Amino acid sequence: MSGAALLERTVRRREAISAALLLGPATILVCVTMVAPLALLARYSLNRFDPTQLMVTALTLQNYTRFVSDAFFLSVLGTTIRVSVIVTASCLILGIPMAWRLARTESRWKSAYVMAIVLPLFIGATTRTAGWMILFARGGMLDVTTRTVFGVESLRLMNTELAVVVGIVSINLPFTILTLQAVFEGIDPRLEEAAASMGAAPVRSFQRVVLPLAMPGVLIAAALCFILAMNAFATPLLLGGPRFQMMAPLLYWEFSTNNDWPFAGVLAFVLMASTLALTLLANAVVPRRYRAR
């Protein structure tokens with residue numbers, strides 16, 4: 001073996017050792033804090049539940065069969081997906097214009113605008129949801145205003161899907177805007193000027209120039225919003241009421257109230273799998289359809 005080859009092998013070995021030293025602690029931490037609990041949860045999901053003995057050690061797919069064969073649990077999963085899609089679409093419709101305008105503004109108040117978007121994140125989701133409860137409740141601010149000004153009877157927004165959607169959108173929208181703002185700031189504004197010089201209207205310039213370049217970031221923002229909506233807990237529980245069911249509150253109910261840990265594990269894995277599958281499907285289909293246009 002020549003000296004150059006030996007030197008190259010030594011350098012590669014040192015780089016591999018350096019990479020292992022850098023990645024090793026993080027990898028171990030991820031395995032301990034995420035992979036190990038998921039493996040334990042997967043084992044629990046294969047156990048059997050008994051009302052008197054609670055969790056009984058077994059190896060059965062009965063819990064998964066129960067979920068697939070029960071129309072109630074399938075409807076809860078469908079409601080969760082529907083609400084998450086509506087929330088994601090609403091956040092993108094509201095967030096894209098705001099993020100683009102914020103990225104292109106040269107006002108000295110830009111920092112104040114960003115702070116106004118970030119400020120709600122300093123307040124917990126439960127606290128903000130409690131504020132929506134006060135606003136939507138019968139006899140609340142919105143109810144009194146509509147009856148006094150417009151003469152409309154009670155809107156009955158509490159314990160509805162609309163209230164849940166509004167509450168989750170208010171929580172997820174700042175994350176969407178901040179993600180999209182960083183994407184739009186990375187796009188050279190001279191491209192829009194070039195499109196305008198060729199006669200393209202601002203809307204067409206944004207649609208044909210800016211949006212295709214921003215599509216990877218838009219998909220990231222959509223995936224983030226969708227994942228947060230799929231796993232929302234406090235908002236559907238407080239604004240939806242006992243009759244409105246989504247997967248996260250149902251999972252908590254099975255775990256804490258019914259003490260059915262095996263079926264709670266099934267609900268957790270179904271929620272994770274459906275979230276991951278739909279996110280990957282959107283990331284695969286949307287860019288392809290957009291390129292086809």
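Is Phe 233 buried, partly exposed or exposed? At 33% relative accessibility, Phe 233 counts as partly exposed, a class that lies between buried (under 20% relative accessible area) and exposed (over 50%), computed with a 1.4 Å probe on protein chains only.

The model is predicted, so local features need pLDDT of at least 70 and side-chain atom pairs count only at pLDDT 80 or more, while totals for chains, interfaces and linings use all residues. Residues are numbered from 1 along each chain as its sequence is written, and side-chain values use heavy atoms, with hydrogens and water left out.

**Aromatic pairs**

The structure holds nine aromatic pairs. Rings of Phe, Tyr and Trp (its six-membered ring) pair if their centres lie within 6.5 Å; planes under 30 degrees apart count as stacked, over 60 as edge-to-face and the rest as tilted. Two of the pairs are set out below.

| Pair | Centre distance | Plane angle | Class |
|---|---|---|---|
| Phe 233 and Tyr 252 | 5.3 Å | 70 degrees | edge-to-face |
| Phe 255 and Trp 261 | 4.9 Å | 20 degrees | stacked |

Phe 233 lies in the loop between helix H9 (202-230) and helix H10 (234-240), and Tyr 252 belongs to helix H11 (residues 247-257), so their pair ties together parts that are 19 residues apart in sequence. Helices here are DSSP runs (H or I, at least four residues), numbered from the N terminus. Tyr 252 is partly exposed at 48%, as are Phe 255 at 38% and Trp 261 at 35%.

One aromatic cluster is formed by Phe 67, Phe 72, Phe 73 and Phe 263. Over the ring of Phe 263 sits the charged end of Arg 66, 4.0 Å from the ring centre; the criterion is NZ of Lys or CZ of Arg within 6 Å of the centre and within 35 degrees of the ring normal.

**Nonpolar cores**

A nonpolar core is a set of buried Ala, Val, Leu, Ile, Met, Phe, Trp, Tyr and Cys residues joined through side-chain atoms within 4.5 Å. The largest has 38 residues, and Val 83, Val 87, Phe 184 and Val 218 have the most contacts inside it. Helix H3 (71-104), helix H7 (161-185) and H9 each give two or more residues to this core, with the largest share, eleven residues, coming from H9. A second, separate core of 13 residues includes Phe 67, Phe 73, Met 230 and Leu 271.

**Cysteines**

Zero disulfides (cysteine sulfur atoms within 2.5 Å) are found. The sulfur of Cys 225 is 3.5 Å from the closest cysteine sulfur, in Cys 91, too far for a bond. Cys 225 is buried at 1% relative accessibility, whereas Cys 31 is partly exposed at 38%.
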